[in-house]
Structure formats: C-alpha cells, structure tokens
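Hi everyone, thanks for coming.

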Amino acid sequence: MAVLSVLRSVAALVARRPSHKLQYLAGSSLLKAFPATAKVAVRHGSHGKQMFVIKSSQYYDTRFLRLLTFYTLLTGIPVAVFITFVNIFIGKYFAVVIINDAKRLFLMNGHPITRWISKYLYDPPEKGYEKMMALISVEAEKADLRLKQLEVRRLMRERGDGAWYQYETLDKNLIDNSQKSNPDY
C-alpha cells in the first residue's frame, strides 16, 4: 500500500515536468495512467473531522465603526475649524466696566462662544427663579388643601355628617336567624 502511494506521487511529479523534457516518455503507458496535474484530486491531511465553526459576522461591527468615524469627522471638523477661527480672529473678551445690568448678564463671560451659549441657549436666572416660585406656590396650595380636608373630616365626625351615598348599618336585632319552614334558595 505504501509502495503504491510512493509510485503515484513519483508519477505525479514526473507528469508535472515540462513536456519538452518528457519527449522520450511520450509513448509510455506510465504517464497515460495518471490524469493531468490540473485534474488531480486534492486531499488535505486534516487528520480529523472537518468542523464548520459558526461565528458572528463582523459586518455590522465594522459598518458601525465606519459610520461612527464618518459622522464624527463630518461634525467634528467644521466645529474645530469654527472654534479655531473664533479663537484666532475674535480672541478673548476684556470687559472694561463690570456690568450690573440683569438683561445683559451674558456679557460677564470671557470667551465669545461662552457668551453666545449663555445668551441664546441657557435660560436666564430670572426664569429659573420664577419656576421655583411657581413650584413653591403649588406646593403651598396643596398643603393648605390638605389641612382644609382634615378639618372637614374632623367636623363631619363630630357632627355626624356623612356623604349622601352612605347608609346606616341595620341593627343586629332586626335580623331573623331562626329555622325557617321554607328555606331561601
């Protein structure tokens, strides 16, 4: 068996040689028994069962990373250019007089971008103060209504008042618990 495999491998090596070197073997039956090199069946020596390993695809991971990079650069580069131009050409704001005007409180910020953000994006401090006062007022009204409800319930208990849909419970002596000749079904 080993001798045959050695002979086959030698014959395959001979068959791979260029044809101009094999002219003296042209009529040989040794070369006709083996197929051409392109038609030889290949057996891989894996020495075991071939396993199909299932693994997750990397397509969506790489797609997400590429899109993240693209959109980060799409927004990051113009923002970086804008901030650089503002820092170079406008520079820092130097206030000569400290302004106490509440409407122009944004001028107290030093950098022009910070001034713009505080003027157009942040709420003024007066608005926050009004929101807090409204919340305190609502909570005070709730507390007042709770006290009034407790007082009303206390007076209702003292006077024997009740809601219109409540009926007094019947007296136990009025219930007939004796044996009946015709029981209720």
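There are 6 salt bridges in this structure, where a salt bridge is a side-chain nitrogen of Lys or Arg within 4 Å of a carboxyl oxygen of Asp or Glu. Please keep in mind that this is a predicted model, in which local features need pLDDT of at least 70, side-chain atom pairs count only at pLDDT 80 or more, and totals for chains, interfaces and linings use all residues. Residues are numbered from 1 along each chain as its sequence is written, and side-chain values use heavy atoms, with hydrogens and water left out.

Let's start with Glu158 and Arg154, whose closest N and O atoms are 2.5 Å apart. Both lie in helix H5, 4 residues apart, about one turn of the helix; helices here are DSSP runs of H or I, at least four residues, numbered from the N terminus. Glu158 counts as exposed at 55% relative accessibility, while Arg154 is partly exposed at 32%. For those words, buried is under 20% relative accessible area, exposed is over 50%, and partly exposed is in between, with a 1.4 Å probe and protein chains only.

Helix H5 (residues 125-159) also holds Lys148 and Asp144, again 4 residues apart, and their side chains form a salt bridge at 3.7 Å, N to O.

Next, which residues does a salt-bridge network link? Asp123, Lys127 and Lys131. Within it, Lys127 meets Asp123 at 3.6 Å, N to O.

Stepping back, the protein has 5 helices and 0 strands, and of its 185 residues, 5% count as buried.

Methods: Helix = DSSP H or I, 4+ residues; strand = E, 2+ residues; numbered from the N terminus.
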